[in-house]
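Visitor: Please take a close look at the aromatic pairs in this structure. I would like one connected account that also says how they sit in the chain.

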Amino acid sequence: PKLLKSRSPKAQDFFWKVMDSEEFRTQLAKDLQNSYPIELPKSFSPYYQMGGLKSPVSLLHGDSDPVISPEESKKLANYFKEKGHKHVFRTSTALTHGDNLP
C-alpha cells in the first residue's frame, strides 16, 4: 500500500484497472501480444533463449507460485541438465512468484 500511494495517479489508476477489470486485463494482454513480432511466450521463456546463454543459472521456484507451476520449473531444470548447462535448481515453501528477498 505504501508503494502504491507513492506512485502517480496514472500508475495507481492502471494498477486498479488491472486488479478490478477482466475486460481491461484481456485487452492489455491482446495489446501486448500484438506488440511482439514473435510468439509472446517465446519472447520471455528462458527455454527459448538457451542458445545465447553462457553463464551458470540459479533457478529458484516457490512451491506456492500461482503463476508458474513447479512442473514447468522442473522441465527447465531438466533442460539445463540435458544440455550440460551449469545450474542450481531449488524449490522452497518460503517463495511465491516474483519474490525479491535475499
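Guide: A residue counts as buried under 20% relative accessible area, as exposed over 50%, and as partly exposed in between. The model is predicted. With a relative accessible area of 40%, Phe14 is therefore partly exposed.

Next come the pairs themselves. A pair of aromatic rings is described by the distance of the centres and the angle of the planes. Two aromatic pairs are found in the structure. Phe14 belongs to one of them, with Phe24 as its partner: the centres are 5.7 Å apart and the planes stand at 75°, an edge-to-face arrangement. The label follows because planes over 60 degrees apart count as edge-to-face. Phe14 is part of helix 2 (residues 9-20) and Phe24 of helix 3 (residues 22-34), so this pair ties together parts that are 10 residues apart in sequence. Phe24 has a relative accessibility of 24%, so it also counts as partly exposed.

The rings of Phe15 and Trp16 also make a pair. Their centres lie 4.9 Å apart and their planes meet at 80°, so this pair is edge-to-face. Phe15 is partly exposed, at 32% relative accessible area, and Trp16 is partly exposed as well, at 43%.

Now for the chain around these rings. The protein chain has five helices and two strands, and their order along the sequence is α-α-α-α-β-α-β. Of its 102 residues, 15% are buried. The chain exposes about 8,500 Å², and 56% of that area comes from carbon and sulfur atoms. Taking the contacts between residues at least 6 apart in sequence, 55% join residues at least 24 apart.

His85 sits in the loop between helix 5 (70-83) and strand 2 (87-92). What is His85 in contact with, once its neighbours within four places in sequence are left aside? The list is Met50, Leu53, Lys54, Ser55, Pro56, Val57 and Phe80.

To return to the rings: Phe14 and Phe24 are paired edge-to-face, and so are Phe15 and Trp16.

Methods:
Residues numbered from 1 in each chain as written. Predicted model: local features only at pLDDT ≥ 70, side-chain atom pairs only at ≥ 80, totals over all residues. Heavy atoms only, no water. Phe/Tyr/Trp six-rings, centres within 6.5 Å; stacked < 30°, edge-to-face > 60°. Helix = DSSP H or I, 4+ residues; strand = E, 2+ residues; numbered from the N terminus. Buried < 20%, exposed > 50% of the residue type's maximum accessible area, 1.4 Å probe, protein only. Contact = heavy atoms within 4.5 Å. Areas by Shrake-Rupley, 256 points an atom, 1.4 Å probe, with all protein chains shown as cover.
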